[in-house]
Structure formats: structure tokens, C-alpha cells
Amino acid sequence: MRVTHVITRLIVGGAQENTVASVLGLRPRPGVAVNLISGPTIGPEGSLESLLDGIPNLLTVVPQLVRPVHPWNDVLALRRLAALFRAQQPEIVHTHSGKAGILGRLAAHLAGVPIIVHTIHGPSFGPFQNALANALFRAAEQYAGKFTTHFVTVARAMTEQYLAAGIGRPTQYTRIFSGFPLEPFLSVSDVPDLRQRLGIGPGDFVLGKIARLFKLKGHDDLLAIAPQLVKRCPRMKFLLVGDGPWRNRLQKTARACGLGRHFIFAGLIPPGAIPRYVAIMDVLVHLSRREGLPRALPQALAAAKPVVAYDCDGAGEICFDNETGFLVRPGDLADLTGRLVQLARDSASRERLGRRGQQLVKQWFSLERMVDELYALYLKLLARPSAHPTR
């Protein structure tokens, strides 16, 4: 089978890591020829392109495929994608992310690609944006849905949201958890030299957060409760992993609260180094208002670290209340504060929740399981009579 994946950009992020892992994992499968098309990778979020270096003809960059809406570039990107599909003649085009998802599916339809798959890594519409933006993105997804053979979702919550918007039918959806290499998280232990370099003492309680420093990620909520947390747990340190355009503002806010020495901005960390940072966390907190299923949650649980998360989108499909961590209603800062203080003071609960989470992640989030399920889905779709029209 010939499979072409398409994504808007290869920054360091969950959707991008999922896509690269899928492409690399499918390459050794018998009878599979797979390649990847991406827009240019620019911005402060880093790049995953180096993971594909040295593999001939694997990655094609389309300069006009950019994230912001740009009518002229969008038309050029659509034409370029359609031309690439006609030349390569893939049997399956598999798109990811918003812009590539819309343009890639339309281009595949225009090029006569028989099977068009789209992964929903996170919602394109919802309460996180205004009514006009919601209407536009919902209409675009409904239109692209007409050309979509099958949807892959990283969380059941995505399936429910898209079906409620009239996009596709239940039989067109398959949930495949976003797998990742588990062993680095399962085997990692505390890293004293890293703790020392970050200014974390042996008796400090480390509250970790892995996310872009940008809107909808919940950093403002964490800063809002930080003074109360430190008052009740004076040895608490906040380890923020990630970078983004809000970094300077967040740093200034932390200093203005008198908590500059409690906040550690680790910056952009390569995916391969994330386990070392998770290892020195006692609890991971995730406060995003827009996610499919946050990759940081199973990563923390793989290292037996309990999690506290806003009950948003797919978080509740891995953060089980009082089983692997605690779910909090978005914006309920009093409950959020209480749960974090509870875990800071109860090491036995942290141990119990973390170990249960580790068991679940080992069962559901291995990279091998994700690739196996994706490969099985492709074979199933190719076996349908409609998958082999005359071209």
C-alpha cells in the first residue's frame, strides 16, 4: 500500500510527534510505502524534521502550506498538494492538523485518491473561541468531512464532538490512542544533577507542567493559585517545560507575585529529554482548555507520576478521578488548589495513583500498539470494494 501523510508543520508537539512516529513505525511493515508532506516548520516551538533526516524521499516540504489563513498561499498549497498526489498516486492520504486537514483532504479528493483518512488530534471548534470562528471552522470541517473516508481520533471525546456537529457517521470513527516510546519513562529515575542545575533542592515538592507557553494552556490559572500553594506548601517548585510567545509575560507575572525563585522555566526540551524532566516531578498538572488527549498525561503516568487535569476534551480518558489522579472542573481554582495541596502532603496517595496510571499506560499507549492499530485500519479500508475504483 502507498500512504501519504500530510501535516501543517513539524514543530515539537503532540500531533507532530504522533505523525512522525506513525510514519516511521509504518515504514518497516511489509508492503507499505509511506511518505510525509509538511508545510515549513517555523516559530519558537522547535522542529522534528531532524528525526527524518537521512531517509531519502520521505519528507516533502510545501512552502505555501502555512498555519495562518492566507487565501493566495492556500490556493497555491491546494494546487501543489493535488499535483503531488497525482504524481505519487497514493492509495491512502492521511491528514493531520487543521490547515493540512482541510486542504489535504480537498486536494486528495480532487486528485482521485481512493481512501482519505483524517486524524483529529484536537478540536477545531468549541468554547475556546468566538462564535464567528466556531462557525467558520465547523463549516470547513463539515465540508472536508464529505470527502473523508474515515476519521481517527486520539480520544472518544473528539468523536462525540464531531458527530454532534454533523460530521460523519459513527461507523467512520476509530479511536487510536497516541502512542509513544514507553521504556524511557518506565525506567527513568530521579536525576540529581538535573535537579541541582534547575535549582531544585532534595526536599522540594516539584509540580510539573508540560505545555507551550501560550493561550488556552492554563498557565495563568496556575500563577493565580501559586501564592496560596506556596503559602500552604513552602517547598513547592513549579517546573514549566515548554516555550512560546507568552514566556516573558509569565516570567514577569511570577516575579511580580514574589515567586520568581519558585518558578523554573525550563524552555524548549527535545522530546527525547522529556523523561528526565518528568522523573524529577512529583505531580504533573495539565490545565489546557483545548486538547484531544494531552500527551503529557500518559507520559507522566508512564513514569508513575500522578496527574491533576482540567476535565476538558479527552483528559478524562486517562486521568481517572482518584484512580490515576484528579479531574477538576475548568476554572475551579479552589478545587484545583485543594487537590494539589492534598497530593503534596500525601506521598502514599501519589504512589498509589502513579502506579495505577503506569499500569494503564503500559496497556494502552505503547508505540507498537498505535502503529498496529493504524496498520490494521488501513488494511480494513483497503479491503472494501470502493477502495479500488478505476483511476
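Predicted model: local features only at pLDDT ≥ 70, side-chain atom pairs only at ≥ 80, totals over all residues.

**The sheet**

I began with β4 (residues 92-96) and β5 (residues 115-120), which pair in the parallel sense over 5 bridges.

**Helix α1**

I turned to α1, residues 14-26. Its 13 residues reach 18 Å from first C-alpha to last, close to the 18 Å expected at 1.5 Å a residue. How many of its residues are buried? I found 10 of the 13, so I noted α1 as mostly covered. Among them are Ala15, Val20, Val23 and Leu26, but also Gln16, Glu17 and Asn18. The buried residues of α1 pack against β1, β2 (33-38), β4, α11 (296-302) and α14.

**Helix α4**

I moved on to α4, residues 131-145. It has 15 residues and reaches 21 Å between its end C-alphas, close to the 21 Å expected. I listed its buried residues: Ala133, Asn134, Glu141, Ala144 and Gly145. Why do they sit on the same side of α4? They cover an arc of only 105° around the axis, and that puts them there. I also recalled a general point: an α-helix has 3.6 residues a turn, so residues three or four places apart point the same way.

On the other side of α4, I found Ala131, Leu132 and Leu136 exposed. The buried residues of α4 pack against α3 (98-110), β6 (150-153) and α5 (156-164). I looked at the N-terminal end too. Asparagine 130 caps α4 there, with a side-chain oxygen 3.1 Å from the backbone nitrogen of leucine 132.

**Glutamate 141**

Is glutamate 141 buried or exposed? Its relative accessibility is 3%, so it counts as buried. The cut-off for buried is under 20%. I left aside neighbours within four places in sequence and listed its contacts: Ile102, Arg105, Ser124, Phe125, Tyr162 and Ile167.

**Lysine 217**

I then looked at a residue in a loop. Lysine 217 is in the loop between β8 (205-210) and α8 (219-232). Its relative accessible area is 17%, so lysine 217 is buried. Which side chain does it join in a polar contact of 2.9 Å? I found that of glutamate 291. Beyond neighbours within four places in sequence, lysine 217 is in contact with Lys209, Ala211, Arg212, Leu287, Ser288 and Glu291.

**Strand β12**

My last entry is on β12, residues 307-310. Both its faces are covered. Val307 and Ala309 are buried on one side, Val308 and Tyr310 on the other. I also checked its pairing: β11 (residues 283-286) and β12 pair in the parallel sense over 3 bridges. Valine 285 stands opposite valine 308 in β12.

Technical notes: Residues numbered from 1 in each chain as written. Heavy atoms only, no water. Helix = DSSP H or I, 4+ residues; strand = E, 2+ residues; numbered from the N terminus. Expected span 1.5 Å × (residues − 1). Buried < 20%, exposed > 50% of the residue type's maximum accessible area, 1.4 Å probe, protein only. Arc of directions from axis to C-beta. Contact = heavy atoms within 4.5 Å. Polar contact = N/O pair within 3.5 Å; in protein donor to acceptor, adjacent residues only side chain to side chain. Pairing = 2+ DSSP bridges.
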